[in-house]
Amino acid sequence: MATRRGFIGGATGIGTAALIGATAAPSAAAETTTAAVTQTQARDSLFAVNAGMRANYATLKAELIKHLAPVVVVQNDAKGGRFTLVTKDGQESANPVPQTFELAKSIAHVPLGIFSVIASYLADKIPNLPNANRIDPHDLVMVAFNDEASTAWIEPLKAYAAKLTTARANLTAAALPAALTTSCATILDGGLKFINASIAAKRFDMKSFEDFSGSVYPAIRTNMEHASQAQIKGVREIMKTWRAKVGEAAWSDLYCVVLSQWTTSVLNQNTIILKDCMNAAKVSTHLIDLPGLEPPADPIFTALDNLARIVQDNIAAELVFPKDTTVADALKGQQDLLSDEILKQLGSTTVTTPATPTYNTVATAAGVCPVPH
């Protein structure tokens, strides 16, 4: 609906007569101009408006990146994460998680390593197993794409067994904590037993594999416990160091951007730990999970580029939509601006903004992470 102010402003070039009801005939020049423009040309001129917006938006974002600080960017990796602190003075990076994290996970992955060799040779019918109703038959058909009667899996499985054998022989020399050494031995021995039995029989099935994986699960839980302890310790220590360097005032406004893949983007382990190292009042807006398909070529730029968009949208939302906080919140968050309207037109009875994921609270050691609120 046009407001009075908008109507009068738009009518400036029409003349006083038009405002009091007189009809102004279009000029010959106006008619000629309209007739000379094709529909395609007219639409292209409308598209150009959005293209101009995008160009201006990109320029603002590119400049804003230079002013983002302080920011911690986390690249999830096999070592527990590469952390980068971005301040106005530059950047510094570290892999703060002790090697125990990677070592414990490496051995805990043995069942998955074996599965990856044999999965395509599985029978494509689900046997009568306790968890049969949890397996999607169509997914199984797609994974079990090789002939179940084939023995082509034997040689790659032998090659993987050789790695397990070497690791088992060297396990004591790795000088791991006693409980972790024991659990790793259990996993490696169980894996080798399954492999040797399968190769001797020249066959395996879902039940024999589940018997093996189920038998080593308690040991896997022990490895998970040690990996988690190492990760919490390393992340807290680097965040404590950087907090002292940045100072309390700047730290209270810290942004953390965690780069991950879709499969680890919800309750990501580093996200959970970082939560308690930040200003609690800003965690919901300043702790950002950024899932992708594969690790980006330039992780730091990718994180800052996305963060710049988030930050400028936070301000744009309030200025562009001052009369509709629901739409403003959509622009500031992960919800598409059209989502409410589309849901409404499709007859949805509930139109809501997606909830922000809540992260499990990690107990905080005194003096390590808390920020005054």
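Student: Where is the place of Ala200?

Tutor: Helices (H or I, at least four residues) and strands (E, at least two) are DSSP runs, numbered from the N terminus, and Ala200 lies in helix 9, residues 178–201. The model is a predicted one, in which local features need pLDDT of at least 70, side-chain atom pairs count only at pLDDT 80 or more, and totals for chains, interfaces and linings use all residues. Residues are numbered from 1 along each chain as its sequence is written, and side-chain values use heavy atoms, with hydrogens and water left out.

Student: Is Ala200 buried or exposed?

Tutor: Buried means under 20% relative accessible area, exposed over 50%, and partly exposed in between, with a 1.4 Å probe and protein chains only. Ala200 is exposed, because its relative accessible area is 66%.

Student: Which strands pair with strand 4?

Tutor: Two strands pair if DSSP finds at least two bridges between them. Strand 1 (residues 71–75) pairs with strand 4 in the parallel sense over 5 bridges, and Val73 stands opposite Val257 there. Strand 5 (residues 287–292) also runs parallel to strand 4, joined to it by 6 bridges, with Val258 opposite Asp289. Of the 7 residues in strand 4 (residues 255–261), 6 are buried.

Student: What does the side chain of Asp289 make a polar contact with?

Tutor: A polar contact is a pair of N or O atoms within 3.5 Å; within protein, one must be able to donate a hydrogen and the other to accept it, and residues adjacent in sequence count only if both atoms are side-chain atoms. The side chain of Asp289, in strand 5, makes such a contact with the side chain of Thr271 at 2.5 Å.
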